[in-house]
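This briefing covers a few selected residues, grouped by topic. Please have the sequence and the structure to hand while reading.

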Amino acid sequence: MSNDIVTARQAGRELAEQLGFSLTDRTMISTAISEVARNITSYAGSGEIRLLVDERDGRQALVVQASDKGPGIRDIARAMEDGYSTGLGLGLGLPGAKRLMDRLTVDSGPGRGTLVEMWKWVPNGA
């Protein structure tokens with residue numbers, strides 16, 4: 001499963017490079033992908049990461065969608081707090097990913113899995 005995280009991270013970095021993101025932004029994007037992918041493997045066991053370029057709020061964005069059919073997140077607001085974890089982690093995954101990206105949304109609930117969507121604005125002129 002750690003190979004899958006590396007594959008997702010690398011695909012995000014490559015797409016970001018093609019879109020003209022700076023090295024710093026590429027690093028932030030790939031790190032955020034690692035965080036949400038690790039959450040999938042830790043809490044749901046399996047899921048998928050989709051990368052796309054799409055319009056968000058009237059601008060082009062590199063969009064990462066991380067979805068699973070796991071147990072879901074009971075309290076999303078709490079899960080977005082630094083240091084909160086229901087597992088053995090440090091509780092930095094979702095809040096950390098949110099800080100690294102321009103936007104992050106979570107759709108989840110007990111027993112229905114989780115969809116995390118995060119995006120970074122494509123640089124002007126790309």
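Asp57 is exposed, with a relative accessible area of 58%, which is over the 50% cut-off. The model is predicted. The points below take up the loop residue Asp57 and then Glu117 and Trp121, both of which belong to strand β4.

**Asp57 in its loop**
- The loop that holds Asp57 runs between β1 (47–56) and β2 (59–68).
- Asp57 has a positive phi of about 50°, although the residue is not a glycine.
- Asp57 is among the residues that Trp121 contacts.

**Glu117**
- Strand β4 spans residues 114–121 and includes Glu117.
- Glu117 counts as buried because its relative accessibility is 13%, and the cut-off is under 20%.
- Two side chains make polar contacts with the side chain of Glu117: that of Arg56 at 3.0 Å and that of Gln65 at 2.8 Å.
- Apart from residues up to four places away in sequence, Glu117 touches Arg56, Val63, Val64, Gln65, Arg103, Leu104 and Thr105.

**Trp121**
- Trp121 lies in strand β4 and, at 16% relative accessibility, is buried.
- With neighbours within four places in sequence set aside, the contacts of Trp121 are Phe21, Arg56, Asp57, Arg59, Gln60, Ala61, Asp102 and Arg103.
- Between the C-alpha atoms of Trp121 and Asp68 the separation is 25 Å, and the two residues are 53 residues apart along the chain.

Key: Residues numbered from 1 in each chain as written. Predicted model: local features only at pLDDT ≥ 70, side-chain atom pairs only at ≥ 80, totals over all residues. Heavy atoms only, no water. Helix = DSSP H or I, 4+ residues; strand = E, 2+ residues; numbered from the N terminus. Buried < 20%, exposed > 50% of the residue type's maximum accessible area, 1.4 Å probe, protein only. Polar contact = N/O pair within 3.5 Å; in protein donor to acceptor, adjacent residues only side chain to side chain. Contact = heavy atoms within 4.5 Å.
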